[in-house]
Amino acid sequence: MRWWSRSSLRSRIFVAFSALILTVLLATLGSIQLVVGHQAVRTLGRDLRTTGQVFETMLKERAARLQTNSTLLAGDFALKRVFATHFDPDSYDSDTLASAGLSYRQRAGVQLVWMTDEAGTMLAASPASTRIGQSLAALPPLRQALDGQAAATAIVEVDHKLFQIVAVPVFGPDVIGYLMLGQAIDDSVAALLKQDTHSDVTFLTTARVYASSWSTADRDPLLAALSQPSEDPGTTQQSTQLVEIRGERFLSLVLPVSAHLSLPLHALVQGSYDKALAPLHALQRQIAAVGAVGLLLALMTGIVLSGNMTGPVRSLVAAMHHVLRGNLHHRTHIEGSDELRFLGRSFNEMAAGLEDRERIKATFGRFVSRDVAEAVLSGRIPLAGERLEVSILFQDIRGFTALSEQLEPARLLGLLNQFFTEAVAAVEAEGGMVKQFTGDGVMALFGAPQAQADHAERAVCAALGMVARLADLNAVLRSQGAPSLRIGIGIHTGEVVAGLIGPDERVEYGVVGEAVNLASRIEALTKELAAVILVSNEVATRLGPQFVLGRSALLSVKGRGQPVRVVEVLARSAVEPARSPG
Amino acid sequence: MCRHVLPTLFLVLLGLPLEVRAAVPAVTGSVTGIDGKGIAGAVVFVQAPAAAPGRDRPGQVVDQVQKTFLPGLLPIVVGTSVRFPNHDQIHHHVYSFSPAKTFELPLYKGEAAPAVLFDKVGVVKIGCNIHDWMSGIILVLPSTHFAVTDAEGRFVLEDLPSGAYTLAAWHELSKVKPEDTSQSVQVGKDPAAVSFRLPLSAARPRPAMHGARAEP
């Protein structure tokens, strides 16, 4: 999950795509394995059971054929005659009987011919047997034949080989003996079954393998297969299991065979599990191959798609970084008509907005208080240019030229900056805007860009503030042995044109008009009148009673036809009437 | 079915002359099984003293009619010749592998086969090589005095001079040899009574006849 949260969008889309396709592919393969595999095993199991049925039928047919052959042979008069010789010890001819047995063996195409007397004692055998003269009465199928004096069949072990033996009575006209024919159940029988059914067949007990379609070398796992406990005890004889022979897996079915052995005889029927599943595996390989190609194509599509999608996103991220670093000129170029292009355009608009904002901020920030700047930026103040009535304040340091010659430049600038700091603070304290520094002076605006009804009073208050602050500053300067500063301030209220002025890169908020010039002239008059604060009559008439006014004079001003009345402002009384804010 | 009918028929035929002659019964009795039920078709005969061999014994006949030996059981005294006429329209091949008399009358019709002399006491089982189901017994006895039990297992021995005799009983399915059944009996003016009890084995299956007689 940590990787996921840290990885790029592109990687996530890519991985999600791949995981989805892989899941679908694996699910498909899994279901095929489940359905087809199950079907294949079921078909194989059915084949094995069919083989079992074929085998059972074959055993029955063989028994029937054996019985028919035996009955036919037993009816042979010559045989009866030879059989009957045993009644008379003088004429009994065992050699003749044995050679007759050989003849019958060939006639009937069987591997074993035994002859007994009517009580079951062996008279002759082909091939030769050590049981001559011994009673076979207890041996199936002769036991059943003796009991019923009728034909009987059984599977028995003779000299470690498996035989299907039939015993039939020889009538002459009563039972004068028994003829037994035996057919071996050997490898050739298993091979024949395999040829017919394509299943491997083995006849075995838990102790030994009697016959098998397997070569002798491959028979060891067969006994193990039989001794393995069945998974389901209820269906012991019908359940299948897997046995590995020479690295190949075989589905094995154990069928009981009715026989007379010391251990139960079984037929082990086997079909190749791997071969049965081969078509499934081929199918799976094909699906896997098609799936792999599909996966590859899908991944490539995924890469292209995620690239298409994340490309613009990365472009946006890069642009963001530019903006973060302060490069507001950067723009993204996202093609197309989808949401991403819209996003890019929005980003560009945002960046443009930020840039405008920054430029305006730069324009105003230096001259107006934060509140004013915010008001301008929020659009509450129009900047396109308008006629406004404002109060303009000009301030100047007296005797600055002499001072500049007297002081080291660093000391001079230090003094200036100390003073300007106080001056700006005084202006901003009254909501004014420091418009410009004039070397040794300050120009400030009141009533623009933020409209203020009492801009005249504010301007006068700011002037009084400057004077007061200068007094404090001078006290400090005197303690440092520095010369005191003296200032003159002129204020006029009049109509101006206000707005953004200047070429694009250096545009500034400013005011132009006669009122500005007049304010400057009034400031210059402070020297003549030896006043600190002089205001025009337009200002004085706007002042409340709390302001203490001094001398008044009608003076001619350069560039003005008519003389201008100026009034000296001395102070403001302590009782301050309520003033509307802003 | 046939097996029961034929001996009965035979017994009836055999009994007729006895009734006509109205001979004096010397020994009467019965042959029963272990369960006490009378056994039909058993033969009771005088074992000793044995009859002297005679050359002029009348010949006997085992006929072949409809692929069946008739009678199925023929008791004879030793030294008797038996003819096997064939009254079917087909050939028969009569044989016996019995130690008491081994003989063979290869394929013949009518009266073509010579008579066979039975010169040894014992059971002679006869068959036909061509027809597996044809089976008969010729019981060769040491004496001329014998009787076959009726359906109830009763027998009557007649014309037996006074004296001491040893009697024995035989049956095809008897588990006991005749010599082991022998009983002594004193024959006087009054009829003597003798009972035999024979344990029988179960009837043995034989090649079936299944309507074979209807075919040629």
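The model is a predicted one, in which local features need pLDDT of at least 70 and side-chain atom pairs count only at pLDDT 80 or more, while totals for chains, interfaces and linings use all residues. Residues are numbered from 1 along each chain as its sequence is written, and chains are lettered from A and ligands numbered from 1 in the order in which they are written.

Let's begin with helix α6 of chain A, residues 187-197. Helices (H or I, at least four residues) and strands (E, at least two) are DSSP runs, numbered from the N terminus. In α6(A), the buried residues include A:Val189, A:Ala190, A:Leu193 and A:Thr197. Here a residue is buried if 20 or more other C-beta atoms lie within 10 Å of its own, exposed if 12 or fewer, and partly exposed in between, with C-beta atoms placed from the backbone. Those four residues are on the same side of α6(A) because they cover an arc of only 100° around the axis, the arc being that of the directions from the helix axis to the C-beta atoms. An α-helix has 3.6 residues a turn, so residues three or four places apart point the same way. On the other side of α6(A) you will find A:Ser188 and A:Gln195, both exposed. The cover over the buried residues of α6(A) includes α2 (9-74), β6 (200-204) and β7 (209-212) of chain A.

Follow the chain past α6(A) and you come to A:His198, in the loop between α6 and β6 of chain A. A:His198 is not a glycine, yet its phi is positive, about 65°. It counts as exposed because it has 12 C-beta neighbours inside 10 Å. B:Asp159 sits in the loop between β14 (154-158) and β15 (163-170) of chain B.

Cis peptide bonds are worth a look too. One joins A:Gly172 and A:Pro173, with omega about -10°, and A:Pro173 belongs to the loop between β4 (161-171) and β5 (175-184) of chain A. In chain B, the bond from B:Leu70 to B:Pro71 is cis, with omega near -5°.

Next comes helix α12 of chain A, residues 409-429. Its buried residues are A:Leu415, A:Leu416, A:Phe419, A:Ala423, A:Ala426, A:Val427 and A:Glu428. They pack against β11 (386-398), β12 (433-437), β13 (441-446) and α13 (455-479) of chain A. Just after α12(A), A:Gly431 has a positive phi of about 80°.

Further along, A:Ser536 lies in strand β16 (residues 533-536) of chain A. With 27 C-beta neighbours inside 10 Å, A:Ser536 counts as buried. Beyond its neighbours within four places in sequence, its contacts include A:His492, A:Leu518 and A:Val566; two residues are in contact if their C-beta atoms, placed from the backbone, lie within 7 Å.

Finally, see where the chains meet: 13 residues of chain A are in contact with eleven residues of chain B. Helix α3 (residues 77-84) of chain A gives the most to chain A's side, with three residues.

Methods
The expected span of a helix is 1.5 Å times one less than its number of residues.
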